[in-house]
Amino acid sequence: MIVDEVGTSPVYTNLKDEVVGVKEGQAIYQAYDFEDYKLKVNRYIENHRDHLAIHKLRNNIPLTASDYESLERIFTGELGTVEDYQREFKDTPFGLLVRKVAKLEYDAAMAAFSAFISDQSLTQGQIVFVPSITLHRTVTLRMYPN
């Protein structure tokens, strides 16, 4: 029933919804999975820390083209679409996204800082400061472009 705001007579309707098909026992197509895409990506990265590409990024090891393709397939094929990825993460490279979520392993960070300290002319205060950053476990190094 629809009632006009000015209080005129109600209009009655009788709409019927036609069933066009029934499928039982089959999984719903992925496009109809309404779970938050960003949550799915974060959960996937956390639950698959030993996936080869994710493991490499957590340990500051360069990705191969194959590793990058596997991340692309996961983020824009298995977990959602290219549009989902762009909507949530804009133009963030896959590797950088993984590094933001999974973080760099402490030993890998210390190795990178050790190499950095060896290659630089740092003061004693700077040498003490650099490793202290890793204590917060929120370090994201961009040693490699992927």
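The following legends describe close-up views of a predicted model.

In this model, local features need pLDDT of at least 70, side-chain atom pairs count only at pLDDT 80 or more, and totals for chains, interfaces and linings use all residues. Residues are numbered from 1 along each chain as its sequence is written, and side-chain values use heavy atoms, with hydrogens and water left out.

**View 1. The chain is built from seven helices and zero strands.** Helices (H or I, at least four residues) and strands (E, at least two) are DSSP runs, numbered from the N terminus. Of the 146 residues, 29% count as buried, a term for under 20% relative accessible area with a 1.4 Å probe and protein chains only (exposed is over 50%, partly exposed in between).

**View 2. The largest nonpolar core has 19 residues.** Such a core is a set of buried Ala, Val, Leu, Ile, Met, Phe, Trp, Tyr and Cys residues joined through side-chain atoms within 4.5 Å. Val41, Ile45, Leu71, Phe75, Leu97 and Val98 have the most contacts inside this core. At least two core residues come from each of α1 (37-47), α2 (52-58), α3 (65-78), α4 (82-89) and α5 (94-102). The largest share, five residues, belongs to α5.

**View 3. Helix α5 is largely enclosed by the rest of the structure, because eight of its nine residues are buried.** The buried residues are Phe94, Gly95, Leu96, Leu97, Val98, Arg99, Val101 and Ala102. Their cover includes α1, α2, α3 and α4. Leaving aside neighbours within four places in sequence, Leu97 is in contact (heavy atoms within 4.5 Å) with Val41, Ile45, Phe75, Tyr85, Phe89 and Thr92. Just after α5, Lys103 takes a positive phi of about 70 degrees.

**View 4. Helix α1 meets helix α3.** Tyr37, Val41, Tyr44 and Ile45 of α1 are in contact with Ile74, Phe75 and Thr76 of α3. By class, this contact has six nonpolar, one polar and no charged residues; Ala, Val, Leu, Ile, Met, Phe, Trp, Tyr, Cys and Pro count as nonpolar, Asp, Glu, Lys and Arg as charged, and the others, Gly among them, as polar.

**View 5. Confidence in the chain is highest in α3, at a mean of 96, and lowest in helix α7 (residues 124-132), at 76.** The score is pLDDT, the predictor's confidence in each residue, from 0 to 100. The chain averages a pLDDT of 80, and 77% of the residues score at least 70. Over residues 137-146, pLDDT stays under 50.
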